[in-house]
Amino acid sequence: MKTVIQTYNERPKHTVRNIFISVFLLFLIIWSSPVLSLPDAFSAGMAIAKNIAKAFFNPQWDNIFTTSVDGVPFLMFETIGIAVLGTLLGALLAIPFAFLTARTIVGKFNVIGNTIITTIRSFPFFLTALMFIRVSGPGPMTGVLTIGVLSIGMISKLYIEIIEDIDPGILQSLDALGATRYQKIRYGILPQLFANIISVVIYRFEINVKNATILGIVAAGGIGFTLNVAMNAGRWRDAAAALWGIIFVVVLIDYFSTKIRKKLING
Amino acid sequence: MKTLCSKISNYIKTLIKRNQIHRTAILKDGTSITRPFSYSLISMIITLSIFMFFWNLIVSAFFKRFGVGTFFSNFSNFFTIIKRMVLEVNWSYFNNVLGPMADTIRIAVIGTIVGSLIAIPFSILASQNIMGKSKVPTIIKFFLSIIRTFPILVYALILSYIFGYGPFVGVLATIIFTFGIITKMMYEIIETTDMGAFIAIEATGATKLQAFSAAVVPQIMGRFYSIVLYNFEINLRASAILGFVNAGGIGRIMNDQMALQRYGDVALMVLALLFVVIIVQNISQYLRKRLS
Amino acid sequence: MIEFKNVGKTYPNGVVALKNVSLKIEPGEFVAIIGLSGAGKSTLIRLVNKMTDVTEGSIVVEKLNIPSLKGKALRHYRRKVGMVFQSFNLINRTSVINNVLAARVPDMNPISSVFGFFSKKDKLIALEALHKVGILEKAYIRADQLSGGQQQRVALARTLAQNPSIILADEPVASLDPITANQIMSDFERINKNENITILVNMHHVDLALKYAQRVIGINEGEIVYDGSTSDITENLLKTIYGRELTDEDIMFKDK
C-alpha cells in the first residue's frame, strides 16, 4: 500500500514537454513578429476608416434598389449563379477523383488520387481564375469554372468518406434477396448516400457563395469586381452598397442552408 | 377571369385529393394507412428552375456571345499554361520566393494565435449555458454572424485602404477571420458540454469563472487546440492569396508573374506553397489525432 | 446546526415542492431523507446550499440566514457544505486528482485558479481525500475510465477536499449496482463517524436508508410525514411515507 507522500512524489510530470512547446511557440512568434510592423501611411488611414464607417451606415441606396445590370441586386444574383453552377460543376468533376481515391476501390493506389486532390486544394484559386480567364475571358463564366475546380477538393474528400463508409451489411442483405447490381446500387447505396451528398453539396455551396463574392477582384464575375473598383476610386458609398448586398445574401443562404442540412440529418 | 380562377383552384383541389387517395393504402382488415406527403417532386422542380435561371444568366448568355466553338478552342490556352508550368519550372527564382513565402507563413501564425486568443473570452460570453439568462450571448452571436459573412479577402481589401499595403493588413484580416470562426466553433462546443461538473464546482463555493476554468476548460481544451490547428491550415491557404489585394505574402508576386506570363516562376511558387501546406497539414493532422 | 422554519417552495411553473417544512438537524447526525421520486427530497437538500431558493419560511445554518446569502457570503458558506450528485458530475477528460483539486479552487488566488496552478499543499490535501475513500492508487488515471462506484468515490473525495462540516448527497447510489451502493453508503458512514461531518442523504431505497442512517425523514407530497430515529420506523409508517405498499424497486437487496 502506497502512502500519500509516495503517490505525490510519483505524479506524472510533463515539464520537458511543456518547456519544448513553450520554447517552440515563443520561437514561432518571435520569428513571425516582423509582419506586425505598422505601415507608414497610418494617419491618412484613420480619415479613410472614418469615411468607410460613415458610408457603411449610409450606403448608395440607388445601387441597392435598382434592377439595372450594374446594380447590387443583379450582381448578387450573378454571384449566387456562379456559386450554384460552380458547385454543380464541382460535384460532377469530383466523382471521378473520388472513385480514383477511395481506398475500398483502388486500395493502396489512392496515394496518386490523394496527391492530385491535395494539389488542387492548395492551388490558390485566384491563380485558377487567372488561368481560366484565358479560356472564357473576364466575366461570370470564368467564375463558374474556377469555383467548379475549387470545389473538387472538398466534395471529393467527402464523397470518398461516404464511399468508404458504406455499410457492407446492407449490400449483403440485398445480395441475400437476389438483387442485381443495378438494384443494389439503386436501393442499397443511393438511399444511404442521398441525404449525405445533398448536405455536403449545400455546405460547399455556402462556402462557394462567399468565394464568388471576391472572384470579381480578378475580374471573374460577381459583386467583387464592383466592390474592388468602387474602393479603388474611393467611392465608399458604392462599396458599402456592395457590402450590404453580400451581408444580405450570405446571411439568407446561411440560414436556409443550416435549416435544410439539419432537416436532412435528422430525417 | 373569375371562372378561370375557380377552375384552377378546383383543379388543384382535385389534384390534392387524388394524391391523397394515391397515398392511402387500405389493408385487408379494413385499416387504412396514409403515406406522408412528399416534397421531393416540388423541391426538384424548384431546384431545376433555379438551375435553368442561372444557366440562362451565365452559361447560355456566354455561349450566345462568344460561341461554343470559341470556348472549347480557348481551352487549349488553359492547357498551354499548365504545360508551361510543368515544363518551365524556374528553380532560379527560388530566392525571390523565400521572403514572401515566409511572410505568408508569418501572417498565418500571428493571425491564428492572436485571433484564437481573442476568441477565448468571447466564446465564453457567447455561451448561453455559462451566461445564464443574460442577453449578452444573443448580441455576440448576432455580431459574429455578421463578421463571418465576409470572406477574408474583403477584410484585407477594406483594411488595405486604411493601413496601406503590406503584411500587417494581412495579419489584421486573418485575425478578424479567425476570430469569427473559432468563436463560433468554441461556443458551439461549450454549449454542448456536460454542465454537471460545472454545477458541482459552483456548489463548492467557486465563482462562475473559477468553475468554468476548473470544470469546463479541461473538457474542451483538446478540442480548442484541434480547432486552432485546423484554422491554421485554413489561414495558411488563405494568406497565400492575400497578396492579390496587396495584403502581403506570396500572392502579390504570384499576381505579378502571372500578369507577365512567367509561368515557370508561378509554378515554383505553387510548388513551394504545396510543400509548406503538405508539411503543415501532416503535422497538424498528427497532432489533432493525438489530441482526440 | 441546520434549522428549517416553516419552509415552503413553489417552482415558477406552479409545482409545489415543499409545504410548511420545519426540522432541526444537529451537528454530526447522519440523516436519510426518503420518499417517492417527486416528493420534494431533492428540493429539500438543494435548499440547504441555496442551489434553489425558498419561497416561504427561513433556513438557518450555523446562525447564518441562508435565503439572504448572496455573492461572496454565499460562496464562503458553500465552502463548508459539500455536495454529492446522482450522476457523479465529474470532469471528464481529466485525471482523478484534478477532479479532486477542483474543490480547492475557491480558496486559491484568481490567477492560479484560472490557470490551474495548484500548490503542493493542495495536492497533498487532494491525495489525502482520495486515501480516505480508498482509491489513492487511481489518482493519475482519467476519471472517465473508472467504474461508476469509483467515480462516486472520486466525487466523495472531491467533497472531502473542501473540508466541509456538512455533506449533502442527492441520490448518491441511485445509478449504482447494489454491492457498490452498499460500499458507497459505508464510506458515508465512516466519514460521518471519523470526521464528525453532518450528512444529509436523499434516497429512494428504504433498506439502505434504514441500514446506515441514524435518523430518517419521510416526505410525501412536500410534507414531512415522519421524522425520527431509524429504529422506531415500522412497516405502517413506511406505507404512509410512500403512500402505497412497498414494491421491489423501493428496496435495493430484494432477497432480504
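Which residue in E9(C) does C:Ala32 stand opposite? I shall come to that residue after a word on the model.

The structure is predicted: local features require pLDDT of at least 70, side-chain atom pairs count only at pLDDT 80 or more, and totals for chains, interfaces and linings use all residues. Residues are numbered from 1 along each chain as its sequence is written, and chains are lettered from A and ligands numbered from 1 in the order in which they are written.

To the opening question: C:Ala32 stands opposite C:Val216 in E9(C). Strand E3 (residues 30-34) and strand E9 (residues 215-220) of chain C pair in the parallel sense over 4 bridges. Strands here are DSSP runs of E of at least two residues, helices runs of H or I of at least four, both numbered from the N terminus; two strands pair if DSSP finds at least two bridges between them.

Both strands belong to an open sheet of 6 strands in chain C, ordered E6-E7-E8-E3-E9-E10, with mixed pairing. Its edge strands are E6 and E10 (223-229), each pairing on one side only.

Let me turn to E6(C). With strand E7 (residues 166-170) of chain C, E6(C) pairs in the parallel sense over 4 bridges, and C:Ile166 in E7(C) is the bridge partner of C:Val81. From strand E6 (residues 81-84), C:Val81 and C:Met83 point one way, C:Gly82 and C:Val84 the other, and all are buried, that is, 20 or more other C-beta atoms lie within 10 Å of their own, with C-beta atoms placed from the backbone. In general, side chains of a regular strand alternate between the two faces of the sheet.

Conventions
Buried ≥ 20, exposed ≤ 12 C-beta atoms within 10 Å, placed from the backbone.
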